[in-house]
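Hi everyone, thanks for coming.

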Amino acid sequence: MKKILIIITVSFLIFSCTWWNQKIENAKKEMLWNTGVTNIDTINAGDFKKNIKEEQKKSNNIKIEYLTKEKYIELNAINEKDLKTWEIEITWKTLEYVDKIEVQFINSESDYPEDNYTLKKFKPWWDNFKYMASSRFRVLDFWKNIYIFTSYSWDKKSKLKLTIYLENPENKNTKKQNYEKKLIWTENDTVFLNLPVNDNFWKSIMLWEDVFTYSLIDNLEIKKKNIKDLNCENLTKFLTKNINTWFFWNTCRDIVKDKWISFYLIELKGDNYIYEKHYIDFVHGFYWIQSLEKWNGLSSENIKEKNDELKEKNDYKILEKTDILFKEIVNN
C-alpha cells in the first residue's frame, strides 16, 4: 500500500511540476506579446559576446565587466552613435532565472552623483529587458557613468558593471575662454549676460536688439523669446499653433526638466524644405534655431518620409559647436 501511495505521490508531483512549468511558459509568452518585448531565445549567446567585443574594439568609451563569478544577464552591444543622444537604451538577455534586477548609477562628477533603482516592470519569466540611461532621469552625464546591474536568482546574485564615458567637449574643443557682457533687450523683458568668447565660436554678434548669433557658427539665430509650460509631450500642439505649413519634428529631449529642451524640425516652404535644430532655454528666455539643411523637391506627401530619413542622420558637424555654446550659455 505504501509503494502505491509513493507512486501516486511522485506521479502527482511530476504532473504538478509539468503543469506549473507550462503555466509559466504560457504566461511568459503572453507577457512578451502584450508588452512588446522581443523573445530572443533563438540568438546564440556567443553572438552577443562577439557583438559586444567588436563594439568595445571600436570604442574606449564603453566597458562591460562582471564583478561576480555568477553571470545572470548579458548586455547587448551599445552603438557608439547612441552616446550623442543623451538617452541610451541598454538592453540585455537573461541567462538564468532572475527574480529581480537592481541598477545602481554612479558619477562622482555629476550634480546627481548616485541613484539606485529596482526595475519594477521586470518579470521573473522575461528573458530580456531594457533600461534607459537618460540625462532626463539624471542617470547620464559627462565623464564616467557607472551602472551596476545586480541580478537576483533565488538566494544568489550576480553583478555586472557597465561604464559609459562621455567626454565634455568644452574641455576638448575650446582653447581660450573669456566672457563679454551683453544686454539683450526687448520691450517687455531684459537680460544681462556674460556671453562666452573663444577660438571655437569666437564672439557674439547682435543682429537686432533681441536677436544675436556667433561669428564662427553659420546659420544660427538666438532670439529673446519667453516660452512657458512647453515640453516634449505638448510640443506638437505648440508647433501647430505657431507654424502655418506642413511640418514634422523628431528627437525631442527634455535635457533638464523645466530648464531647457531641444528638438529637430522639418518644415515646408513652398516646394522647398528647411531642416533645423531648435533649443529652448526657459531660464534666460532664449529660443535658438540652428539651420541644418535647405533643399527642394518635397511636398506634403513625402515630408514624413524625409523627416524619418533625417532623424537617422542628425550628426551634423556644425552641432558640435552649437551644442557646446548652448551648454555654456544656459549654465551662465
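Leaving aside residues up to four places away in sequence, Lys306 touches Ile266, Tyr273 and Leu298, where contact means heavy atoms within 4.5 Å. Before I go on: this is a predicted model, where local features need pLDDT of at least 70, side-chain atom pairs count only at pLDDT 80 or more, and totals for chains, interfaces and linings use all residues. Residues are numbered from 1 along each chain as its sequence is written, and side-chain values use heavy atoms, with hydrogens and water left out.

Is Lys306 buried or exposed? Lys306 is buried, with a relative accessible area of 18%; buried means under 20%, exposed over 50%, and partly exposed in between, using a 1.4 Å probe and protein chains only.

Lys306 sits in helix α5; helices here are DSSP runs of H or I with at least four residues, strands are E runs of at least two, and both are numbered from the N terminus. In α5, residues 303-313, the buried ones are Ile303, Lys306, Asn307 and Leu310. Viewed down the axis of α5, these buried residues fall within an arc of 100°, so they line one face of the helix; the arc is that of the directions from the helix axis to the C-beta atoms.

Now the disulfide, meaning a pair of cysteine sulfur atoms within 2.5 Å. The structure holds one, joining Cys232 to Cys252 with S to S at 2.1 Å. Cys232 is in the loop between β13 and α4, while Cys252 is in strand β14, 20 residues apart. Both cysteines, Cys232 and Cys252, are buried.
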